[in-house]
Amino acid sequence: MFKLLFAFISDLAEPIQQMSRNNQSHDRELVPFTTLGHKKKAEELLYEKRQYEKAKWACVIQNKASYEQSTCLGFMKLMKYICQQNSAGHFLGITLPIVTIVHTNRTRTELQPEVTTAYYLPAQFQNRTPQPFDAEIAIEEWPAHIMYTRPFNGNSTEESILQQINQLVQHLDAPEQFLQDTFIVAAYNNPAAPNLHNEIWFIHRP
């Protein structure tokens, strides 16, 4: 794991420097959505219902020994694409959140090894999308969909993700209306930030 982290930091040194030169936090574009409703208990937000429209995402699939390894390598590949390794030859801009699609077993007690890390293409590149040089990165057009989302703080680990999935299940009135083994983890911060803001997303069945 330490070798992986060292390689990750070394490979991203130049992209991170370029990102710092070209992008400030207030310039980051949020993935657009429409809020359709929410459910609260006292002051706690139990979930928010959102409509996301059809959009293009850059996606990379990893199937490593752990969730942390897969997301680390997937994020590294996407950062290189964002920073310069694309057919446009320049920095594309950061959008938030960076999302990870995860799969569980039937009882939602284990994560499956395969994860997909995805980056929303900024609005200016939705119609004319720079192509990645990395053959493992695919540009996909995701259909419009409804998500039920729940915020959580701290590191995204296999344990915390499973905990958040099962908490959200308890708050839904009709959990059978959602995909039962596929969920999305949305990250809004740099992994090194002191106060990490994340969300778990449930995908409503079409």
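What share of the contacts in the chain with a separation of 6 or more comes from residues 24 or more positions apart? It's 73%, with contact meaning heavy atoms within 4.5 Å. Keep in mind that this is a predicted model, where local features need pLDDT of at least 70, side-chain atom pairs count only at pLDDT 80 or more, and totals for chains, interfaces and linings use all residues. Residues are numbered from 1 along each chain as its sequence is written, and side-chain values use heavy atoms, leaving out hydrogens and water.

**Fold**
- The chain has three helices and eleven strands (DSSP runs: H or I of at least four residues, E of at least two, numbered from the N terminus).
- From the N terminus, the order is α-β-β-β-β-α-β-β-β-β-β-α-β-β.

- Of the 206 residues, 46% count as buried (under 20% relative accessible area, 1.4 Å probe, protein chains only).
- Tyr-81 touches, among others, Ala-58, Leu-92, Tyr-119 and Ile-139, leaving aside residues up to four places away in sequence.

Notes: Buried < 20%, exposed > 50% of the residue type's maximum accessible area, 1.4 Å probe, protein only.
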